Amino acid sequence: MSKRKAKDAHLPIGECISQVHQILRKRFCHQQLPVKPEGVEAQHKHLAELLKRTAVHGESNSVLIVGPRGAGKTMLLKSVLRELSQETEVQKNLLQVHLNGLLQTDDRIALKEITRQLQLENVVGDKVFGSFAENLTFLLDALKKGDRSSSRPVLFVLDEFDLFAQHKNQTLLYNLFDVSQSAQAPVAVVGLTCRLDVLELLEKRVKSRFSHRQMHLLSKLTFPQYLERIRDQLSLPDDFPDGKFAQEWNAGVTTLCEDKSAEEVLQRYFNSSTDFRSLHTLLMLCLSRVSVARPSITPADLLDASRFCLADANANMLHGLSILELCLIIAMKHLNDVYEGEPFNLQMVHNEFKKFLQRKSNSMYNFEQPVIMKAFEHLQQLELIQPADGASDKTQREFQLMRLMLDHSQIMEAMQKYPQCPTDVKQWATSAFA
Ligand SMILES: Nc1ncnc2c1ncn2[C@@H]1O[C@H](COP(=O)(O)OP(=O)(O)OP(=O)(O)O)[C@@H](O)[C@H]1O
Ligand SMILES: [Mg+2]
């Protein structure tokens with residue numbers, strides 16, 4: 001009853017907006033765990049089962065979670081641990097050690113941290129150990145249950161796992177995997193990494209002790225699904241204090257996602273990255289513009305935010321080019337438009353440039369072939385153009401097939417900002433056909 005009442009309440013607009021900020025900010029930048037992580041259900045189930053087997057049945061396990069930055073590796077693990085923490089059996093048994101390759105930069109520091117997190121500093125005291133393995137065994141032995149019949153299961157989480165492979169002799173990894181393989185003590189080793197080739201980094205003796213269990217978090221998201229995700233992320237929950245406001249806001253979000261220009265912006269953003277982290281950055285920038293005076297997100301907000309997020313080095317590099325080099329880029333853009341992205345050679349670019357010059361009477365842009373050649377080479381050095389696949393080095397330079405590494409919008413945007421760009425060049429860039 002009271003909840004119903006709260007939903008029907010009408011709050012002042014200022015109050016509503018501050019609630020929107022609070023709720024969405026929590027979602028976008030406080031690393032709040034989603035109620036149900038979408039898209040990784042299978043991995044979630046698998047990992048939960050694996051850890052439960054260690055926690056409840058004392059089975060040892062090792063697994064690597066591999067995925068690009070921001071794909072949700074940490075989120076997956078945290079959400080599994082949250083689920084498991086609700087089971088008393090797991091909660092009273094399982095000990096956790098969280099290490100990070102960026103913090104524990106060598107195995108001595110890592111061992112110290114393990115001791116600290118297991119609260120065994122007093123037990124260890126001033127003892128001196130012969131080897132790393134001896135020390136680790138001592139720690140695990142110290143965790144025996146009250147009746148001393150079995151050890152307590154320990155979960156070792158190694159974030160930035162690949163960095164541990166750089167430690168001398170990979171001692172920590174070797175010992176952890178060794179324990180996980182022998183029946184010495186129940187441990188689960190979970191490594192998180194963005195290196196797909198992570199196994200190649202392991203020494204043979206380490207690799208052979210690893211279970212070779214890997215989970216990949218590679219996104220197979222389609223654009224419509226991405227739009228749906230954006231709508232979800234921007235929507236207000238059912239229990240928002242002012243029901244009417246929430247309804248209007250959510251309707252506004254739907255309209256935004258269906259807007260043609262917004263869709264265009266999002267498509268571009270989608271092409272560059274699909275992970276949650278970059279999406280959250282984009283949405284956070286949009287959200288920061290929401291105020292009482294502008295109580296919704298507009299396509300223009302999205303456009304500005306995406307410009308900010310996608311401001312890339314290549315487009316910025318165009319600002320430093322000479323007029324000739326810029327003209328060559330425009331000629332290539334036209335060639336790309338006409339031949340739909342097929343590779344081109346310098347001769348074709350030069351011809352395209354000549355067509356532009358013919359339409360003009362003054363000879364301000366008349367350059368000798370070697371000068372043009374030099375400019376072309378400079379563009380290649382800057383990696384704004386690159387040889388097309390399969391282009392052989394033997395072909396004469398003018399005829400070597402090249403590709404432009406910039407897209408249409410990058411060029412147009414750079415043109416807008418190019419300092420004192422001659423108007424005729426600008427016009428040429430925007431004209432549909434040269
Ligand atoms: N399925 C999901 N649902 C909702 N939010 C998610 C999901 N996956 C990831 N996120 C969010 O995306 C952000 C990045 O995720 P996370 O930190 O887990 O990435 P990561 O793979 O660990 O990246 P890194 O390699 O940099 O450590 C977090 O804020 C997280 O809450
Ligand atoms: Mg992480």
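This is a predicted model: local features need pLDDT of at least 70, side-chain atom pairs count only at pLDDT 80 or more; totals for chains, interfaces and linings use all residues.
**Exercise 1. Overall form**

Find how many helices and strands the protein has, and set its radius of gyration beside the value for a compact globule.

Solution. 
- Step 1. The protein has 22 helices and seven strands.
- Step 2. For 434 residues, a compact globule would have a radius of gyration near 22 Å, whereas the protein has 29 Å.
- Step 3. Along the principal axes, the C-alpha atoms fill a box of roughly 100 × 70 × 35 Å.
- Step 4. Of the 434 residues, 31% are buried.
- Step 5. Consider the contacts between residues at least 6 apart in sequence: 74% of them join residues at least 24 apart.

**Exercise 2. Helices α2 and α15**

Determine how helix α2 (residues 13–29) and helix α15 (residues 276–287) are oriented to each other, and which residues make the contact.

Solution. 
- Step 1. Two packed helices are described by the angle between their axes and the distance between the axes.
- Step 2. For α2 and α15 the angle is about 155 degrees, and the axes are 9 Å apart.
- Step 3. Angles over 145 degrees count as roughly antiparallel, so α2 and α15 are roughly antiparallel to each other.
- Step 4. The crossing of α2 past α15 is left-handed.
- Step 5. On the α2 side the contact is made by His21, Leu24, Phe28 and Cys29; on the α15 side, by His280, Leu283, Met284 and Leu287.
- Step 6. Sorted by class, this contact has six nonpolar residues, two polar ones and no charged ones.

**Exercise 3. His21**

State where His21 lies, and decide whether His21 is buried, partly exposed or exposed.

Solution. 
- Step 1. His21 is part of helix α2.
- Step 2. A residue is buried with 20 or more other C-beta atoms within 10 Å, and exposed with 12 or fewer.
- Step 3. His21 has 14 other C-beta atoms within 10 Å, so His21 is partly exposed.
- Step 4. Ser288 is 267 residues from His21 along the chain, yet their C-alpha atoms are separated by 8.0 Å.

**Exercise 4. Helices α12 and α14**

Repeat the analysis for helix α12 (residues 223–234) and helix α14 (residues 260–272).

Solution. 
- Step 1. The two axes come within 11 Å and cross at roughly 110 degrees.
- Step 2. The range from 65 to 115 degrees counts as roughly perpendicular, so α12 and α14 are roughly perpendicular to each other.
- Step 3. Phe223, Tyr226, Leu227 and Ile230 of α12 make the contact with Leu266, Gln267 and Phe270 of α14.
- Step 4. The classes in this contact are six nonpolar, one polar and no charged.

**Exercise 5. Positive phi in two loops**

Locate Gln119 and Asn169, and give the phi and the exposure of each.

Solution. 
- Step 1. Most residues other than glycine have a negative phi.
- Step 2. Gln119 is not a glycine, but its phi is positive, near 55 degrees.
- Step 3. Gln119 sits in the loop between α6 (107–117) and α7 (121–124), and it counts as exposed because it has 11 C-beta neighbours inside 10 Å.
- Step 4. Asn169, also not a glycine, has a positive phi of about 60 degrees.
- Step 5. The loop between α9 (161–164) and α10 (171–181) holds Asn169, which is exposed because 12 other C-beta atoms lie within 10 Å.

**Exercise 6. Leu321**

Solution. 
- Step 1. Leu192 is 129 residues from Leu321 along the chain, and their C-alpha atoms are separated by 42 Å.

Conventions. Residues are numbered from 1 along each chain as its sequence is written. Chains are lettered from A and ligands numbered from 1 in the order in which they are written. Axes are lines fitted to C-alpha atoms, for helices over the stretch in contact, and angles run from 0 to 180 degrees between N-to-C directions. Helices (H or I, at least four residues) and strands (E, at least two) are DSSP runs, numbered from the N terminus. Angles under 35 degrees count as roughly parallel, over 145 as roughly antiparallel, 65 to 115 as roughly perpendicular and the rest as oblique. A crossing is left-handed if the near helix is turned anticlockwise from the far one by less than a right angle, and right-handed if clockwise. Two residues are in contact if their C-beta atoms, placed from the backbone, lie within 7 Å. Ala, Val, Leu, Ile, Met, Phe, Trp, Tyr, Cys and Pro count as nonpolar, Asp, Glu, Lys and Arg as charged, and the others, Gly among them, as polar. The radius of gyration is taken over C-alpha atoms; the globule rule is 2.2 Å times the number of residues to the power 0.38.
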